[in-house]
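Please keep the sequence and the structure in view while reading.

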Amino acid sequence: MTRARRTQSGFTLLELVIALSLLALMSGVLFGALGFAGRSWEGGEAKAEATSGMRLTHEFLRTQIEGQHPLRMNRMPEFPLVFAGRFDELRFAAPLPARITGGGIWYYRLAIAREGDRERLVLQRSVPDLDGFALPEFDGAERSILADDIAELRIGYLGRDPGAAATVAPTWRERWDDRNRLPLLVRIDVTPKRGLPWPTLVAAPRQAPES
C-alpha cells in the first residue's frame with residue numbers, strides 16, 4: 001500500500017521530459033519576445049533622436065538664413081554681396097548665434113563634408129574680410145556638424161535673372177549668380193542614407209540690413 005502511494009505521487013521519466021521540453025519552449029518564446037521588445041525600444045529611441053536632431057537643424061538653419069546680412073565686398077568691382085549659392089552648397093553672412101560668445105556677422109558655408117566612408121552635413125564659419133579683393137574662403141575655418149550619414153544635399157533658389165525687372169515672375173534655379181541681389185527664397189532638401197528624406201526647408205533671406 002505504501003509503495004503504491006509513492007508511485008502515484010512521483011513523476012515518470014516521460015512526464016519529466018515533456019515538462020522540461022515545455023519549459024525550454026516557453027523560455028525560448030519569452031526570450032524572443034524580450035529581444036524583439038528591446039529592439040523595438042531601441043529603434044524607437046533612435047528614430048525619436050533622429051527626428052529631434054532634424055528639427056533642431058531645421059530651426060537653426062532657418063534662423064541663420066533668415067538672419068542673412070547683405071554685406072558687400074568694399075574693394076571688388078560692383079561691390080558684390082557676400083553670398084553664393086550652388087545646388088550642393090550655400091554661402092551666406094549672418095549673425096553668430098546668441099549662445100556662442102563673440103558676436104558679430106560671420107560668413108557661413110553649408111555643404112556635405114566627406115570624411116572616409118562618412119558623409120556629414122557641415123556648417124563652416126569664418127569672419128569675412130570685407131576689404132579683401134576676393135570672396136572669403138574657408139581654409140581652417142571653424143565648423144559644426146549638423147547631421148551624420150547624409151546621402152544628398154539639394155539647394156534651390158527662387159529669384160529673377162541678374163538685371164531683370166521686378167515685374168518678371170521669379171523662378172526656381174539650382175544656383176544663384178546675381179552678385180547684387182539676394183534670392184527671394186532658399187529651399188533646402190536633405191536626404192539621409194537611412195530613413196525618409198527630411199521635410200523641405202524654405203527660408204527667406206532678409207533683403208536689407210534694416211529689414
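Strand β2 is largely enclosed by the rest of the structure, because six of its seven residues are buried. Here, buried means under 20% relative accessible area, exposed means over 50%, and partly exposed lies in between, with a 1.4 Å probe and protein chains only. Strands (E, at least two residues) and helices (H or I, at least four residues) are DSSP runs, numbered from the N terminus. The model is a predicted one, in which local features need pLDDT of at least 70 and side-chain atom pairs count only at pLDDT 80 or more, while totals for chains, interfaces and linings use all residues. Residues are numbered from 1 along each chain as its sequence is written, and side-chain values use heavy atoms, with hydrogens and water left out.

β1 and β2 form a hairpin with two residues between them. The two strands pair in the antiparallel sense over three bridges; two strands count as paired if DSSP finds at least two bridges between them. Within this pairing, alanine 84 has arginine 91 of β2 as its bridge partner. β2 also pairs with β3, again in the antiparallel sense, over six bridges. There, leucine 90 has leucine 110 of β3 as its bridge partner.

## The five-stranded sheet

An open sheet is formed by five strands in the order β1-β2-β3-β4-β5, with antiparallel pairing. β1 and β5 (142-147) stand at the edges with a single partner strand each, so one side of each is left without a neighbour in the sheet. From one strand to the next, the twist averages 30°; the axes behind such angles are lines fitted to C-alpha atoms, for helices over the stretch in contact, and angles run from 0 to 180 degrees between N-to-C directions.

Strands β3 (residues 105-115) and β4 (residues 118-126) run antiparallel and are joined by nine bridges.

## Aromatic pairs

The whole structure contains two aromatic pairs. Rings of Phe, Tyr and Trp (its six-membered ring) pair if their centres lie within 6.5 Å; planes under 30 degrees apart count as stacked, over 60 as edge-to-face and the rest as tilted. Phenylalanine 92 and tyrosine 108 are stacked, because their ring centres are 5.4 Å apart and their planes stand at 20°. Phenylalanine 92 belongs to strand β2 and tyrosine 108 to strand β3, so this pair ties together parts that are 16 residues apart in sequence. Both phenylalanine 92 and tyrosine 108 are buried.

Tyrosine 107 and phenylalanine 138 form a stacked aromatic pair, with 5.1 Å centre to centre and 25° between the planes. Tyrosine 107 lies in strand β3, whereas phenylalanine 138 lies in the loop between β4 and β5, so the pair ties together parts that are 31 residues apart in sequence. Tyrosine 107 is buried, with a relative accessible area of 0%, and phenylalanine 138 is buried at 6%.

## Strand β6 and its partners

β6 is mostly covered, with seven of its ten residues buried. Eight bridges pair β6 with strand β8 (residues 185-192) in the antiparallel sense, and glutamate 152 stands opposite threonine 191 in β8. β6 is also joined to strand β7 (residues 171-173) by three bridges, and these two run antiparallel. Leucine 158 stands opposite tryptophan 172 in β7.

## Two residues with positive phi

Phenylalanine 79 has a phi near 50°, a positive value in a residue other than glycine. Its place is in the loop between α2 (13-66) and β1, and phenylalanine 79 counts as partly exposed at 45% relative accessibility.

Aspartate 149 likewise has a positive phi, near 55°. This aspartate is found in the loop between β5 and β6 (150-159). At 21% relative accessibility, aspartate 149 counts as partly exposed.
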